[in-house]
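Dear colleague,

Please find below the structure that I am handing over to you. A short account of the findings comes after it.

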Amino acid sequence: MSLGSRPKPPPPGPAAAGIDRMTLKTFTIAIDGPAAAGKGTLSRRIAEQYGFHHLDTGLTYRATAKALLDAGLPFDDEAVAEKIAREVELAGLDRDMLSKHEIGEAASKIAVMPPVRRALVEAQRRFAAKTPGTVLDGRDIGTVVCPDAPVKLYVTASPEVRARRRYDEILGKGGTADFDAIFEDVKRRDERDMGRADSPLKPADDAHLLDTSEMSIEAAFQAAKSIIDAALSRNA
Ligand code: C5P
């Protein structure tokens, strides 16, 4: 503060009302599941419904992978990858810029590295503490990042259905795609995410399972909303 400057007025909101910000509790919704299960769309709708902050944690792995690719850095050096992971800015993450297939592939390769996971999990936990509430989606949110989250959803669908959705999405955007290649890619990604030693993809013991194979996004949203509303009233 420069000499002679006036003290700042207290910030508006709870601190001004005399409530210590540190005692304010947040409410976290943890959403996990394999690629293309519909958890991204569902998470965004839930965050919008409750006015919560949303973090797609897959983007943190993708941003790390893209930075390595762009800089021509090796993919087998954990210390280098960790350094890059620590520099990822959560505020600037954008799925459109990180959606390329090779970025997703590279992300799932660096996601097996424990130092990279530790760095990104630290940042994700800081995000999860924001008030009034947060929605985080990924692969290990209910099991590792936010094991105490009051609501955990595990959103899944059969590999065929997930591959079909991805295929339709690409065609819908005017692109071309090979269904069999996408199907193989979905299965390969599942194997890597479910088979790794550190934080493998699996439902937390207390997660609610939502199989969206035969469900519209609206039906999945309504099912999730009933679960969340019940937990919110228990926490009230
Ligand atoms: O969800 P998305 O396809 O963007 O994630 C890219 C990759 O990042 C996943 O295949 C997975 O290997 C990794 N990931 C992860 N843990 C998370 C989120 C994503 O390991 N919480």
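Predicted model: local features only at pLDDT ≥ 70, side-chain atom pairs only at ≥ 80, totals over all residues.

Residues are numbered from 1 along each chain as its sequence is written, and side-chain values use heavy atoms, with hydrogens and water left out.

The ligand is surrounded by 15 residues, the closest being Arg62, Arg95, Arg117, Asp140 and Asp193 (a residue is near when one of its heavy atoms lies within 4 Å). An N or O atom in the side chain of Arg62 is 2.6 Å from an oxygen atom of the ligand. For Arg95, a polar side-chain atom lies 2.8 Å from a ligand oxygen atom, and for Arg139 the corresponding distance is 2.9 Å. Of the 460 Å² that the ligand exposes when taken alone, the protein buries 98% (Shrake-Rupley method, 1.4 Å probe).

Arg62 also belongs to the contact between two helices. Helix α2 (residues 58–71) packs against helix α5 (residues 101–110) at an angle of about 105 degrees, and their axes are 8 Å apart (axes are lines fitted to C-alpha atoms over the stretch in contact, and angles run from 0 to 180 degrees between N-to-C directions; helices are DSSP runs of H or I with at least four residues, and strands are runs of E with at least two). The two helices are therefore roughly perpendicular, a term for angles of 65 to 115 degrees.

The peptide bond from Thr131 to Pro132 is cis, with omega near 5 degrees; Pro132 is in the loop between α6 (114–128) and β3 (133–138). Ala36, which is not a glycine, has a positive phi of about 65 degrees and is found in the loop between β1 (27–32) and α1 (39–50). Ser199 has a positive phi near 55 degrees.

Yours sincerely

Methods: Parallel < 35°, antiparallel > 145°, perpendicular 65-115°, else oblique. Contact = heavy atoms within 4.5 Å. Polar contact = N/O pair within 3.5 Å; in protein donor to acceptor, adjacent residues only side chain to side chain.
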